[in-house]
Amino acid sequence: MHAQSQPFDQRIDVALHDVGLQRAMSGTLPQFIAVRSRVVAQMPDWEELRTRANAIKRETIENLPRYLDQLEAAITARGGKVFRAATPEAANKYVGEVMDRRQAKIVVKSKSMATEEIGLNHYLEARGVEPVETDLGEYIIQLAGQTPSHIVAPAIHMTRFDVAELFKEKLAAEMDPNDITGMTALARRVLREKFLEAGVGISGANFAVAESGTIVIVENEGNARLSTSVPPVHIAVMGMEKVIPKPADLAIFLKLLARSATGQKMSSYVSFITGPRRDGEPDGPEEFHLVILDCGRGKILKDPLMREALYCIRCGACLNVCPVYRKIGGHAYPWVYSGPIGKILSPQIQGLDVEPTLPFASSLCGACRDVCPVKIRIPELLLELRKRETEQAPQRHKLEKLIFRAWAWAMQRPWAYSLGSLAGRVAGDSISFGPVGIWKKTREWPATPARSFREEWERRRK
Ligand code: SF4
């Protein structure tokens, strides 16, 4: 799923030279950061909320099997069905069987990274079912034949000009790129029909409350509410880490999620879904299914050093502040999860071998850890993955080891260190080949001073 044919370093290179991408990213991400900072500054108890969320997540993840059993029992008692999928294939097969039984040919989907992860759209298309993404950003990238480039804002890499072009090509509509309202209205008209025709609605889930069996979906467009209530069947697909113990915990997580994701005090729609429609209720689906994905998470759960990655509530705040993500966007990453959280989830779910350099694509500045609403220590987890990758494939790091050995040797001998820095000063400006040449391609080489620090120190001392 989401296989990338080009090597990671080439995709980075392409992204850095993509003028449209750079324009789109530099326009939206600073706004995300600014509004988040503003609303967070209005919360005197922000740090306390983060600490409490971290404690709840830690306790839940430590006892995950028990909470999943409790969730399943509560949903089943309310007339819903729960399927635990060990693999993406098992999850897709279950959804496919529901489609067949209901003879559904159209499915409306609200935004879900879990279904991106298992490649559900491809699976459904191969079976002759039409999956229609109803979140505006997801709808745009589906029309464009792309994958999301951000957990929260899937079409963040596109400008309004790109979207106007796309609508012209795919919907035969002549749109003014400045008329964003008009483009939204057009998408809305197209999608309205699909809601009414669909036999099944598929959503993700932001949280699943173990005690009550309630699925919570947070959104801003109302499309998730329509997807989950208009079609006769609702299937929610979520990673097993989305469970939280009790309804009262939502008071903490909903405050953190909206502010971290979009800088809102509260998202426009928060839906609480507890099983299918019951007798006497005017709306809601006849059937409700929850598909809980393991798909590699069980492996992370068994790893005491790394299981903290499962605390993630997919707010996207770490992507917004990451200096790497902000330059290369989401499509350069090897899998659906991009940015700092992608760098710790992808190697663990897919294996370190798939993209061994991924944990190294970080400056370790710590901005991700500072904004994370559940206090995941992302830089520390990245360092642990780097250590594991180095141990797993020492041959890939031979040159690096040699350089550090030479450095350690020189640092213990002042004459060697002085000689080395003199050689560096002389050669620094002129070398533009080999590793130095590659380094210089994307960075400014600092102007070489006339005197070294030691020479300057001596001169001033005298
Ligand atoms: S790691 Fe933290 S900041 Fe990043 S998406 Fe997950 S919860 Fe949000």
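Two strands are taken to pair if DSSP finds at least two bridges between them. In the predicted model described here, β4 and β7 meet this criterion, since they run parallel and are joined by 3 bridges, with S203 standing opposite A236 in β7. This pairing belongs to an open sheet of 6 strands, which has the order β1-β10-β7-β4-β2-β3 and parallel pairing. The edges of this sheet are taken by β1 (81-85) and β3 (130-133), each of which has a single partner strand, so that one side of each is left without a neighbour in the sheet. From one strand to the next the twist averages 20 degrees. Strands of a sheet pair through backbone hydrogen bonds, in either the parallel or the antiparallel sense.

Within this sheet, β7 (residues 233-239) is mostly covered, with 7 of its 7 residues buried. In a regular strand the side chains alternate between the two faces of the sheet. For β7 both faces are covered, with V233, I235, V237 and G239 buried on one side and H234, A236 and M238 buried on the other. On the side of β10 (residues 287-293), β7 is joined in the parallel sense by 7 bridges, and I235 stands opposite H289 in β10.

A second open sheet is formed by 4 strands in the order β8-β5-β6-β9, and its pairing is mixed. Here β8 (243-244) and β9 (269-273) are the edge strands, and because each has a single partner strand, one side of each is left without a neighbour in the sheet. The pairing of β5 with β8 is parallel and extends over 2 bridges, A208 having V243 in β8 as its bridge partner. By contrast with that parallel pair, β5 and β6 run antiparallel and are joined by 3 bridges, with V216 in β6 as the bridge partner of F207. The hairpin of β5 and β6 has 4 residues between the strands, and in this hairpin G213 takes a positive phi near 70 degrees. The pairing of β6 with β9 is likewise antiparallel, over 5 bridges, and V218 stands opposite V270 in β9.

Strand β6 (residues 214-219) is also mostly covered, with 6 of its 6 residues buried.

When residues up to four places away in sequence are not counted, N206 touches V216, I217, V218, K242 and L257. N206 and C315 are 109 residues apart in sequence, yet their C-alpha atoms are 9.6 Å apart in space.

C315 is also listed among the residues around the ligand, where C312, C315, C318, I341 and C372 come nearest out of 15. The shell around the ligand divides into 12 nonpolar residues, 2 polar residues and 1 charged residue.

Most residues other than glycine have a negative phi. Q103, although not a glycine, has a positive phi of about 50 degrees; Q103 is placed in the loop between α5 (88-102) and β2, and with 7 other C-beta atoms within 10 Å it is exposed. L364, again not a glycine, has a positive phi of about 55 degrees and is found in the loop between α16 (339-350) and α17 (367-371). L364 has 14 other C-beta atoms within 10 Å and is therefore partly exposed.

At the level of the whole chain, the domain assignment gives domain 1 (47-298) and domain 2 (404-461). The C-alpha centres of domain 1 and domain 2 lie 53 Å apart.

Key:
Residues are numbered from 1 along each chain as its sequence is written. This is a predicted model: local features need pLDDT of at least 70, side-chain atom pairs count only at pLDDT 80 or more; totals for chains, interfaces and linings use all residues. A residue is near a molecule or strand if its C-beta atom, placed from the backbone, lies within 6 Å of it. Ala, Val, Leu, Ile, Met, Phe, Trp, Tyr, Cys and Pro count as nonpolar, Asp, Glu, Lys and Arg as charged, and the others, Gly among them, as polar. Domain bounds come from an automatic or database domain assignment. Axes are lines fitted to C-alpha atoms, for helices over the stretch in contact, and angles run from 0 to 180 degrees between N-to-C directions. Two residues are in contact if their C-beta atoms, placed from the backbone, lie within 7 Å. A residue is buried if 20 or more other C-beta atoms lie within 10 Å of its own, exposed if 12 or fewer, and partly exposed in between; C-beta atoms are placed from the backbone.
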